[in-house]
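Please open the model in a viewer and keep the selection tool at hand. The stops below are given in the order in which they may be selected.

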Amino acid sequence: MVDGILLSAGLVHVETVDLPRAFARMAEVVRPGGLVLASIREGSGKLDEWSLREIDGEQYDRNFIAHTPDEVIGAAEGLLDGATAILSRFPSSSTADSTA
């Protein structure tokens, strides 16, 4: 068991439908009363402008997914067995106001 888990934009590659499974796995390793700190790219769905890249002439899909706070909180609800979850968010648009 670990005292805490830090997800620094770690959920950005997790499809929304897979969030509950990701939190269930975290619940297996974080101790009751532990801490889960997650930062998310706030928005909804796949971010094509961030996902699709050409590197050395080859196309890559890095599968960047934005999530709403409600999606993340809903996925974690009831799974973390007394662990404290803290959610940090930042806008998905590079032109969005970062103070929002």
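Which side chain meets that of Glu 28 in a salt bridge? Select Arg 25: the side chains of Arg 25 and Glu 28 meet at 2.7 Å, N to O, where a salt bridge is a side-chain nitrogen of Lys or Arg within 4 Å of a carboxyl oxygen of Asp or Glu. This is a predicted model, in which local features need pLDDT of at least 70 and side-chain atom pairs count only at pLDDT 80 or more, while totals for chains, interfaces and linings use all residues. Residues are numbered from 1 along each chain as its sequence is written, and side-chain values use heavy atoms, with hydrogens and water left out.

**Salt bridges**

Because Glu 28 and Arg 25 are three residues apart in α1, about one helical turn separates them. Glu 28 is exposed at 51% relative accessibility, whereas Arg 25 is partly exposed at 48%. Here buried means under 20% relative accessible area, exposed over 50%, and partly exposed in between (1.4 Å probe, protein chains only).

By the rule above, the count comes to four salt bridges. Select Asp 3 and Arg 31 next: their closest N and O atoms are 2.7 Å apart. This pair links distant parts of the chain, with Asp 3 in strand β1 and Arg 31 in strand β2, 28 residues apart. Asp 3 is exposed at 54%, and Arg 31 is partly exposed at 33%. Then select Arg 21 and Asp 18, whose side chains form a salt bridge at 3.7 Å, N to O. Arg 21 has a relative accessibility of 61% and counts as exposed; Asp 18, at 27%, is partly exposed.

Centre the view on Val 36. Beyond its neighbours within four places in sequence, Val 36 is in contact (heavy atoms within 4.5 Å) with residues including Ile 5, Leu 80, Thr 84 and Ile 86.

Move to β4 (residues 52-55) and β5 (residues 58-61), antiparallel strands joined by four bridges; strands pair if DSSP finds at least two bridges between them. Leu 52 stands opposite Asp 61, and Ile 55 has Glu 58 as its bridge partner. Two residues lie between the strands, and Asp 56 takes a positive phi near 50°. Most residues other than glycine have a negative phi. Asp 56 is exposed, at 77% relative accessibility.

Select Ser 51 in helix α2 (residues 48-51). Ser 51 is buried, with a relative accessible area of 0%. Not counting residues up to four places away in sequence, Ser 51 touches Lys 46, Tyr 60, Asp 61, Arg 62, Asn 63 and Phe 64.

Finish at Ala 9, in the loop between β1 and α1 (19-29). Ala 9 also has a positive phi, near 60°, and is partly exposed at 28% relative accessibility.
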